[in-house]
Amino acid sequence: MTDARDRPLSAIHVHRGAGDPRRGWLSADGWTVPVALGRGGILANKREGDGGTPRGVFHPRRLWWRADRHGRPKTFLPTRAIRPEDAWCEDPRDRHYNQPIRLDGAEPGDRLTRADHLYDFIVEIDHNAAPRIAGRGSAVFLHLARPNFSPTAGCVSMTKSSMLRLLRRMSPRTKIIIG
């Protein structure tokens with residue numbers, strides 16, 4: 001018989017905390033952890049560059065991780081090791097908007113190989129994915145938090161231990177309910 005702790009989560013809830021709209025809580029299956037949210041708080045009408053974390057129901061698509069820094073974590077999600085040329089297109093005028101891209105050394109873009117550890121583990125979610133609408137927000141991920149839990153540009157961030165615990169139970173069918 002499979003223990004419930006070994007099965008994928010059906011839902012994860014992210015909601016804003018009291019007092020500071022840039023801080024919140026992530027709850028799943030009876031446990032709750034602090035998270036940092038976008039500098040614009042949780043917004044129903046997400047726009048590129050507004051710093052808001054989008055309100056809605058999403059699903060995880062894939063785990064990206066820094067294999068040069070960590071072993072492959074246990075998860076039910078499809079995985080992809082981050083390479084030096086991996087980036088994310090945040091330009092609403094580009095046909096690859098809100099999609100992973102490859103960049104050479106000089107091209108602009110949200111590089112996934114950061115010097116800090118924020119993108120050591122990235123859960124790509126299906127925000128503005130099908131269909132992709134220019135200007136409705138890009139590169140909204142679950143990723144690691146800064147030590148002081150300062151706000152993100154619109155993502156949901158958490159400690160490494162919380163991320164690894166979440167990854168063990170996350171699958172493409174897990175609902176991520178923000179708001």
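A cavity here is a set of points, on a 1 Å grid over the protein atoms alone, where a 1.4 Å probe fits but cannot get out. Points are joined across faces, edges and corners, and a volume is the space filled by probe spheres set on them. This is a predicted model, in which local features need pLDDT of at least 70 and side-chain atom pairs count only at pLDDT 80 or more, while totals for chains, interfaces and linings use all residues. Residues are numbered from 1 along each chain as its sequence is written, and side-chain values use heavy atoms, with hydrogens and water left out.

So what turns up? The search of the whole structure gives one cavity of 30 Å³ or more, and the largest cavity has a volume of about 70 Å³. Its lining residues (an atom within 4 Å of a point) include Arg 61, Trp 88, Glu 124 and Phe 141.

Trp 88 also has a bridge partner, Pro 100 in β10. Strands are DSSP runs of E, at least two residues, numbered from the N terminus, and two of them pair if DSSP finds at least two bridges between them. β9 (residues 86-88) and β10 pair antiparallel over three bridges, within an open three-stranded sheet ordered β10-β9-β11. β10 (100-102) and β11 (110-111) each have a single partner strand, so one side of each lacks a neighbour in the sheet.

Now the charges: there are 12 salt bridges, meaning a side-chain nitrogen of Lys or Arg within 4 Å of a carboxyl oxygen of Asp or Glu. In one of them, Asp 29 meets Arg 169 at 2.9 Å, N to O; the two are 140 residues apart.

Technical notes
1 Å grid on protein atoms, 1.4 Å probe; cavity = no way out; pocket = protein on both sides within 12 Å on 5 of 7 lines; lining within 4 Å. Helix = DSSP H or I, 4+ residues; strand = E, 2+ residues; numbered from the N terminus.
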